[in-house]
Amino acid sequence: MPPPRRCCIPVCDNSKNGNSKHIFHAVKNGWKPMLKNLYGISCNGGSKICEKHFEASMYANMMTGSKRLLSTAVPSLQLPPPLAFNTVDVETTAMTIDESPF
Ligand SMILES: [Zn+2]
């Protein structure tokens, strides 16, 4: 028996029970830093994200009527509030950033 499909977005209904009615997409490596840094969501290798988090424009229109994510698609809908919005003190935010882009 495969494990139930669940969404790795904590605020998503599909993260608790799984729901086979929804399409689940494997988490791309490119999404992981964004999810971690912006939302504090850690997605492991087997994580999936359900279709609720993607705008319609992020899907290619297939002749068959099936949905296929564009390679440039990123999850943007029904995500938890970005971490920065939870922090009142801007200076504290700056001090907690320890990864230099240089
Ligand atoms: Zn979801």
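Colleague: Which residues does Cys 7 touch, leaving out those up to four places away in sequence?

Modeller: Cys 7 touches Cys 12, Asn 14, Ser 15, Phe 24, Lys 48, Ile 49 and Cys 50. Contact here means that the C-beta atoms, placed from the backbone, lie within 7 Å. Residues are numbered from 1 along each chain as its sequence is written. This is a predicted model, where local features need pLDDT of at least 70, side-chain atom pairs count only at pLDDT 80 or more, and totals for chains, interfaces and linings use all residues.

Colleague: Why is Ser 15 called partly exposed?

Modeller: Ser 15 has 17 C-beta neighbours inside 10 Å. A residue is buried with 20 or more other C-beta atoms within 10 Å of its own and exposed with 12 or fewer, with partly exposed in between, so Ser 15 counts as partly exposed.

Colleague: And what does Ser 15 touch, again not counting residues up to four places away in sequence?

Modeller: Arg 6, Cys 7, Cys 8, Ile 9 and Pro 10. Ser 15 sits in the segment before strand 1 (24–26); a strand is a DSSP run of E, at least two residues, and a helix one of H or I, at least four, numbered from the N terminus.

Colleague: Where is confidence lowest, and where is it highest?

Modeller: Helix 3 (residues 90–96) is lowest, at a mean of 51, while strand 2 (residues 48–50) is highest, at 93. That score is pLDDT, the predictor's confidence in each residue, from 0 to 100.

Methods. Two residues are in contact if their C-beta atoms, placed from the backbone, lie within 7 Å.
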